[in-house]
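Keep the 3D view open while you read.

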Amino acid sequence: MSMNMSMSDAELLQLQSWMHDLEEGRLEQAEMDKLQELLLRSEEARRFYVQRMSLGSALCKLADEAQEAELQHESEQQDDIITASAELRRPWPLSAKLAMAASLIACAVALVLAMRPDRSLSASGTATVAETSNAGCAVLVDAAGAEWAEGTHAWQVGMSVPAGKLQLKSGLIRLEFYSGASVTLEGQSELEIVSVKEAKCAQGQMRVHVPPHARGFKLTTPDAEVVDLGTEFGLKVSEAGKAEVHVFDGEVEVLPNQAIAKLSVKQGAGWDAANGVASSPASASASFVDLTALRAQTRSADEQRLTAWREGMSVFLKDPRLLVGYTFEPANEWERRVENKHPGAQEYSHGSIVGARWVPGRWQGKKALQFKSPGDRVRLTVPGKYDAITLAAWVQVDGIDRRFNSLFLTDTWEPGNPHWQFVQAGSFALGIREAKGSKSLQHIAYSPEMFGPDTLGVWYHVATTFDMRTGLGRNFVNGKVVTEYKSPDVHPDEKIIIGTGELGNWGLPEGSKPRTEVRTFNGRMDEFLLFGGALQPEEVARLYEVGRP
C-alpha cells in the first residue's frame, strides 16, 4: 500500500471528526482503529494530525507528569505507605489520557516522517509547487442590456475572457484587455480576441481607448488593419465587412487590404475604403457610446433589474417552507443586523453581523456582505427538526483559500447538523451528519469542480437540496442541476437539526478548545434563503431567473 496516499475531502472531514471526538474523550475503540489505519496509509493525514494535536498534547502531558512527579515525591516522604499508594493510583485526568494517546501517535508519526525522504523537494532542495495559470486576455467589466447570440457563451461581468469569438446580439459591453486597452462594443457585433494586444472585428460598432502603455494595440477588419498609437477612436464594420474609422484623440495607423504603405489618421479625421483619409463630421464622437453614457445605461438597467427582483422575490419570501430569507438590503451602511424578510420571522432568525462589511452587490444600489478576515461571520438561530432542506445563495467568490470555506455551518457537528461549504478543489457540498452507528460519517455529495481562477469575481447562484425521507440530494449552479445523488444509508428517524450557526464561518472558540479551524468564506454574499423543505428543480430555476444579474 502506498505510504503517500492523498486524502479526499471526505477523509479529511472524517479525520477532523475523529480528532474532535478524541479531544472530547468520546472516541470509541473502533474509530481509534480506523484513525490509526488512516494515519498509517496517508502522509497528509499524519502531517495534519501532528500539526493539530502534538503541541497541545505535549504541553498537557508535561503538566500532568509534573503533577504526578510532585505527588509521588510527597508520598515518598510520608510514613503511611497505603495512603501514598492510593494517591498514586488515582484516575488520570482526561487531558493526560488524550495527551498520552496523541503524543504516542505523534512521536510515531514524527519518527516515520523523519526516516522518509521529502518527495516534495526538487533536486536543488527547493519546494516545487505548480502555479495557477489563467488563459484570459481581457475582463468583461460592464454590461447594459447585453444579450448574446444564440448558441454562444453568455459572458458575465467580472469574467476573464480568453482568446476566441464573442457574438453580441444586442446591448452594450465593455472589455478591458490585460494590456490596458479597452473596447466598448454595442449592438449586434462580432469580435474575436486574438491576444492581449490584438482583436478582429467582423461586424459591429465599438469605441476603443488605448493608453500609452498599450500603444500598438491592433484591430483587424475584413478590409483593413488598424494600429492604435495611443489614442481613442471609433470603429464601425458593416455586414458587408466595410470598415469606418473615426479618431477622437491621438493617432492611428490604417493599412488597407492590398496597400503597401500605412495611412496616418489623426484627431478629427477618419478613414473608409471608399474615401480614404478625410475629415470626420463633428457629430462622429457622439455616435459612439463613451464611458459616461455606458455607466448611465448600466445604472438604468440595474434599477430595472432591482425592481423586477424585488417583485419576484416577494413570492419566495411568502413561501410557508421558508425559514430564513436574507435579501441583504440594510437601512444604512452602519446596520449590523441582517433582517429575515419572511413574514412573522422571530427575532432569533435575524442575523447578527460580526466583522463582515457592506459592499456593492449584484446591481448598482444593491448591497452585499463581504467576508474576508478570520472573524467575519453572520450569526443566526433556526430551531426545530426538518425532513428536508434547501440552501440557496448568490455569491461572488474572491478566492478558495482554505481546504473548507463556509457558506453556512452549524456551530456543532452532531447528528442531523448540515454543513454547506466550498472545498479547495473548486466544488461545493452539503454534508449532513448521520446518526451514531451509521456506516458513514455523513450524507454528502460534491458539485463538479466548477470554481477556480476563471470564476473569481463573478456572481453565481448556488443551491443545494436534500430530503431525509428519500435520501435524494441535488446541487445547482445558476438554476441548473449539476449533481444529483441518493444517499444509501438514510435512517427513517433521522431529522435535519440546525440550531445556532453562521454564514461565512464556523464555530466559536470556547471551553477546552480555545481555537477553531479557519473556514472563512472569501468573497461576497448577496441573498441567502433557507427552506425547511426541498425545492423542486423548476423552483430553483425560477429563483435563479428572478435574481440573475
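## Rings, strands and a few buried residues

Six residues, Phe-371, Phe-422, Phe-428, Phe-451, Tyr-460 and Phe-521, come together as one aromatic cluster. Before going further, bear in mind that you're looking at a predicted model.

How many aromatic pairs does the structure hold? The count is 15. Take Phe-428 and Phe-451: their ring centres are 6.3 Å apart and their planes sit at 65 degrees, so this pair is edge-to-face, as an angle over 60 degrees counts that way. The pair links distant parts of the chain, with Phe-428 in strand β23 (residues 427-433) and Phe-451 in the loop between β24 and β25, 23 residues apart. Phe-451 also pairs with Tyr-460, again edge-to-face. Here are the two pairs side by side:

| Pair | Centre to centre | Angle between planes |
|---|---|---|
| Phe-428 and Phe-451 | 6.3 Å | 65 degrees |
| Phe-451 and Tyr-460 | 5.3 Å | 80 degrees |

Tyr-460 takes us to strand β25, which spans residues 459-467. Nine of its nine residues are buried. Both faces of β25 are covered: one side carries Trp-459, His-461, Ala-463, Thr-465 and Asp-467, the other carries Tyr-460, Val-462, Thr-464 and Phe-466.

Which strands pair with β25? One of them is β20 (residues 388-399), which runs antiparallel to β25 over nine bridges. Within that pairing, Thr-390 stands opposite Thr-465. Another is β26 (residues 472-477), also antiparallel, with six bridges to β25. There, Phe-466 has Gly-473 as its bridge partner. β25 and β26 form a hairpin with four residues between the strands, and Gly-471 takes a positive phi near 75 degrees in it.

Next, look for an open sheet of eight strands. Its order is β15-β16-β19-β28-β21-β22-β23-β24, with antiparallel pairing. For β15, pairing with β16 (residues 351-354) is antiparallel and uses two bridges.

Now find Val-359, in strand β17 (residues 357-360). Its relative accessible area is 4%, so Val-359 counts as buried, given that the cut-off is under 20%. Leaving out residues up to four places away in sequence, Val-359 touches Lys-366, Lys-367, Ala-368, Leu-369, Gln-370 and Arg-524. How far from Asp-526 is Val-359 in space, C-alpha to C-alpha? The gap is 9.7 Å, although 167 residues separate the two in sequence.

Last stop: the cysteines. A search of the whole structure turns up zero disulfides. Cys-137 has a relative accessible area of 8%, so this cysteine is buried. Cys-201 is also buried, because its relative accessibility is 2%.

Note on methods: Residues numbered from 1 in each chain as written. Predicted model: local features only at pLDDT ≥ 70, side-chain atom pairs only at ≥ 80, totals over all residues. Heavy atoms only, no water. Buried < 20%, exposed > 50% of the residue type's maximum accessible area, 1.4 Å probe, protein only. Contact = heavy atoms within 4.5 Å. Pairing = 2+ DSSP bridges. Disulfide = S-S within 2.5 Å. Phe/Tyr/Trp six-rings, centres within 6.5 Å; stacked < 30°, edge-to-face > 60°.
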